Amino acid sequence: MQWHTLDTSEVCAHFSIDPASGLDNGEAARRLAVQGSNELTETGGMSPWHILWDQCTSTMVLILTTAAMVSLAIGSVRDAASILAIVCLFTTLGFVQEYRAERAMRALKRLAVPTVRVRRDGAVSEISASELVSGDVILLEAGDVVPADCRLLEAYSLKAQESLLTGEAEAVEKQTAPLPDGNLSLGDRLNMVWMGTTAIAGRGVALVVATGMATELGRIAGLLQAVRNEPTPLQKRLDRLGKILAALAVAISGVVFGLGVWRGEPLRDMLMTAVSLAVAAIPEGLPAVVTITLAIGAQRMLKRHVLIRKLPAVETLGSITVICTDKTGTLTENRMTVSGMISAAALEGRAVDADFTLQRVASVLCNDATLRSEEGREAIVGDPTEGALLLEAAASGLYRPELEMLFPRVAELPFDSDVKRMLTIHSVTTAGAERAELQALAAASGDRLVFAKGASDAILAICAADQSLRAAVVRQVDTLAAQGQRVLAVAFRLVRANEHLELAECQRGLSLLGLVSMMDPLRAEAREAVSRCLEAGIRPLMITGDHPLTARTIADQAGIVAQGGVLVGRELDELGVDGLGDQIGDVSVYSRVSPEHKLLIVQALQQRGEVVAMTGDGVNDAPALKKADIGVAMGITGTDVAKEAADMVLLDDNFATIVSAVEEGRTIYANILRFIEFSVSGNLGKILAVLLLPFLGLPNPLTPLQLLWLNLLTDGLLGLGMGVERPEPDVMKRGPISPNSQIFDGRMIRQTLLTGGTIGLTTILLTWHYWISHPDGTWQTVLFSSLAFAQIGQAMALRSSRHSFFHMGFFANPLLLSMIVAVISLQATVVYLPALQPFFKTTPLNFETLRWVVVPGITVFIVLELVKYAGRLMTLRDGERFTA
């Protein structure tokens, strides 16, 4: 039903009630039994068991679990326990993250009001909000949270703060008259109040038309539950990688097992070797290293005022191509602020520099808001627009308590939406004035002062102003309105002791003091943040429930390109997802949108292959936050609903912080990719050695325990050090990572083959040489240790995929240096400690042999540095700027 189009009598007739007496208790009970409680019900969603099952059945986990079971079956309990520990860590962390995401509905429930004043059986009583039914008559006053969707029957200067649903910072003045347009947005349905919003001024009587999940807030709850969580780009790529490596692992293990049996090796040893190669063929340290890398990255982000709620979302920051941001509270400060004052003299061209003392006095005294100190700052109690006037005057040293002592209010005409102005009358006293100009004003004011403020046309109607001034006011108001600003006019009149005027007569002959312009200002750092996003190849879109003119103004101020114009909610309804897809590449500003429209925009962007981030703080943002590839909620002004639906929270509500998060996300993603390259190419080198050395006449080169030990040192310790590498200098000069890109693209394949081939070739040649010269068994320890040193050299060179090791700074990654020292120490332990030599089949190496053992590492380091140098030369040849 379009309740806002109906007259109040029609609405009452529909629900069969008399607003003077309300429902009788018996009828209310019957309706409650049919409609159910006025609560947001939780439906759908994933159960904890379902979430756990999804985690346990991922490709990587299945491979590792299978390898662990085989190891256990052949008696290698230690190896099985190590692999299963990684599996448990991976699944536990994944389960916790996904379970937290399902708690978004609980936050929505907390928005319900515990009690409400309702008129039943002709009397007003207080009942639980959950007992409300459609047809109930409720009473609202300033400070009340609206408990259900209602059609207003009476409104007395009633204003509601609806930014929770509409995104508009300014309070909405309510009325009771029907509105004939059936397609109005929520923010324009002035005779309706909505569940979860707040009455901030005046009072009203309203008829409940919808409760629980049938309300607008309930509809958002339903949308939130209907949105499916999509896997992040890295999760998709890792899943593909896992399947590819699984097939390779089976094939390689089968080949090694077959060759070993053919050569007459013991069946049990070959089975264990095959299992070890299967584990080595995939980066089994990947789940642990990725999780730890993301966790450490999340800790670093916390220092930058970013709270990560879902670890896998960290890497998505590196892939986002579009940021959909709300205007109110995200790009702007979510508070009305006086942006300028213009005196009547300036409007007439008589003066530019004016004394605004009297204008400020009028703004403070003709005002019903108050200021309250909260945590060291002034908080507004009452209408935000009136509060903005108080804050502006307070900044000039004019405070309401002092002014009210000088000019106590004796009569008033409250603000009326029909005449669009407020008028107050004040007596005059000189007692208590501390400022000289206030003493002079009081002394010159006569017996009474009349102040008025309101819309410019309403104030001009009671002013004695000539046509030139009136024309100047109209021109100035039009200019400011075109800039998205709200304009109030202020006027006054002196009433002498011998004048005896009735209250109505005081609305004539006032003198215009001037105009006050105000707006919800742009955050100081927003423009620079938008600029950095554009430089990083990220396109910002502004999606707001505010007026199109205001939306375009803020977009222009923030630097968001709006050459495609502004699309409003009605146009989005007509276009649909497909139609919007044709225009969304050109339009960057959207106004008068609803939660469905935000979802529509996100869906249209995702259909174009974009990776979408959505920033927001209100309940109306929650479905889009969950649907987006990464949802970013505001920590200070954000609702619990938005935070629970989001992947990350900006603790300082600073839009610029998201740029820092993007930089960190890109760095983490690059570190993970480098680790994958490091692990796979290193494992390729080991596999080549194990496969090819037997063809040169060497017996089984490495034992299963040696292979697992090497994986622990390289994929575990060195991988951890690589995961915390600092950002490369040009990380924010590159475009976003394509969501369709593969982990193993052409460059990665070439690098993997080159590095793995270099590791394999150098260690094979060195081992073959020592096998000929030292057939007593030293050659196996040489191979065992040279593989470890080869990957040390590889880890040092892979600190950056473009920049040299020396440019990145030798001591810039102390954790990696510590891990290198740890790897060398641990490898020395198993080589030289007699108690461990029988387990690892090692023999001590003399100094001359050690000099040769490090050669593969040095060779790998030099080869990779030469490849990066060649890449920089090619970049310079193509005319691109590159920092060495």
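Is Phe 811 buried or exposed? In this predicted model, Phe 811 is exposed, because its relative accessible area of 67% is over the 50% cut-off.

Aromatic contacts were examined next. The structure contains 9 aromatic pairs. In one of them, the ring centres of Phe 806 and Phe 861 lie 6.3 Å apart. Their planes meet at 90 degrees, so the pair is edge-to-face. Phe 806 is exposed at 61% relative accessible area, whereas Phe 861 is buried at 15%. Phe 810 and Phe 811 also pair edge-to-face, with centres 4.8 Å apart and planes at 75 degrees. Phe 810 is partly exposed, at 41% relative accessibility. Ring pairs connect Phe 805, Phe 806, Phe 810, Phe 811 and Phe 861 in a cluster.

Charged side chains also sit over aromatic rings. The charged end of Arg 203 lies over the ring of Tyr 156, 4.1 Å from the ring centre. For Lys 159, the charged end sits over the ring of Phe 415, at 5.5 Å from its centre.

Met 69 is part of helix H4 (residues 59–73). Its relative accessible area is 39%, so Met 69 is partly exposed.

Cysteines were also considered. The whole structure has 0 disulfides. Cys 150 is buried, with 0% relative accessibility. Cys 324 is buried, with a relative accessible area of 0%.

Methods:
Residues numbered from 1 in each chain as written. Predicted model: local features only at pLDDT ≥ 70, side-chain atom pairs only at ≥ 80, totals over all residues. Heavy atoms only, no water. Disulfide = S-S within 2.5 Å. Buried < 20%, exposed > 50% of the residue type's maximum accessible area, 1.4 Å probe, protein only. Helix = DSSP H or I, 4+ residues; strand = E, 2+ residues; numbered from the N terminus. Phe/Tyr/Trp six-rings, centres within 6.5 Å; stacked < 30°, edge-to-face > 60°. Lys NZ or Arg CZ within 6 Å of the ring centre and 35° of its normal.
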